[in-house]
Amino acid sequence: MTDWKPPRLTPHVFVNPRLSPAEESLGKAAPGVVDANGFARAATEIKAWPGYQPTPLRCLDGLAAQLGLGRIYYKDEGGRFGLGAFKAVGGAYAVLRHLQNELAHESGGTVSVGDLLAGRYRDRTKDITVCTATDGNHGKSVAWGAKLFGCRAVIYIHAGVSAGREQAIAAFGAEMRRIPDNYDASVRACAADAAKNGWQVISDTTWEGYQEIPRHVMHGYGVMMGEMLAQLPDSALPTHIFIQAGVGGLPAAAAGYLWLEYDALRPKVVVVEPEKADCHYQSAKAGTPTAVTGKLDTLMAGLACGEVSPLAWTLLDKASFAFMTVPDDAAVFAMKTLARGIGGDERVVGGEAGVGGLAGLIAAAIDAPARDALLLDPQSKVLIIGSEGATDPVLYEKLVGIKPETVLPA
Ligand SMILES: Cc1ncc(COP(=O)(O)O)c(C=O)c1O
């Protein structure tokens, strides 16, 4: 393939000096973030939801050859529960757990997912309100979960969330509130209104005294990791995962899952962020959670976060081999690369935030210092989570030049 030519992409890589030694256990290095029981319960509950199906794992052998790597495995979350993103298994699961908790408290018994799906507690759940701030996908998941399990949702969005994303959430019957500022301001507005009105915040980020719900969110993401590892076509161990971060729930869940699964043989975790919303990269360099302020101006809407989730950070600080940033151009190039299918690869639709990890991998693999620093070579077997499809089809067409529905299999 001669006419596949990446533009000049400038990744910034920071190799983590605080990475735990291989033999250290997750429970010792980062207790209380995620655990095997939490992942197992979430998988059981989520697999009982109507329409559950594992999403596909794409083997991008053509791209791997082009980049001088062994294999690239791309978990394509575009079809997840018809919502277009992996977030479907996080926020909605936390809504379920909250309702189960509330009802169990009142009735003294346990409430199954089947009871809630059948509407047996509708009289009670319709008076429960859940709320969250969102860049788009998490709010959609919470709104969908509220509809599925029968409660009310209020969703906060910020100035940078597109009208298309707003409509997609409102379509599930949620009340929408737009805050004329950035993501972190919408998180604060949501928390303040919830305290005033007695609503339950279903956030994917944590703060002091608020951890249980975001832990459910992270455990929900584990269902995707379990599917992915079961789908790997050969027994050779993956060597790396390049994974995009917003507040860090996704990479923490993925890193935690891999740690529990592979222990000392776990793959190297490389956390990828947009260069204008690089709170993990800055926190890693500073050795402590460090906020990034300003407009967090990036096309990768789902990753436009200025503050790490403190709980997720305690795990990522120990689990991440490296942190890196990429310019928006790298995401657009990754979207185009997927849409085209390199060297006979399947054609895949990846959204702006969804391709963050792949953008990082491409940028690093073609940049000699980054490639060396991240120990990429022809034996590397790299996991990628394609965390969304074209969740904003108008923007997708603008960036890639074709409509997502015209990206047909090669
Ligand atoms: C498509 C997509 N990928 C990745 C992320 C990052 O997840 P987290 O904020 O848990 O790090 C998000 C967050 O909204 C997202 O929407």
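## Ground rules

For residue classes, Ala, Val, Leu, Ile, Met, Phe, Trp, Tyr, Cys and Pro count as nonpolar, Asp, Glu, Lys and Arg as charged, and the others, Gly among them, as polar.

The model is predicted, so to speak of local features takes pLDDT of at least 70, and side-chain atom pairs count only at pLDDT 80 or more, while totals for chains, interfaces and linings use all residues. Residues are numbered from 1 along each chain as its sequence is written, and side-chain values use heavy atoms, with hydrogens and water left out.

## The shell around the ligand

There are 16 residues around the ligand (a heavy atom within 4 Å), and Asn137, Gly246, Gly248, Leu250 and Ser387 come nearest. The shell splits into 7 nonpolar, 7 polar and 2 charged residues.

## Polar contacts

Now for the polar contacts (pairs of N or O atoms within 3.5 Å). A polar side-chain atom of Ser387 lies 2.6 Å from a ligand nitrogen. On the backbone side, an N or O atom of Gly248 is 2.8 Å from a ligand oxygen, and one of Gly302 is 3.3 Å from a ligand oxygen.

Definitions and conventions:
A polar contact is a pair of N or O atoms within 3.5 Å; within protein, one must be able to donate a hydrogen and the other to accept it, and residues adjacent in sequence count only if both atoms are side-chain atoms.
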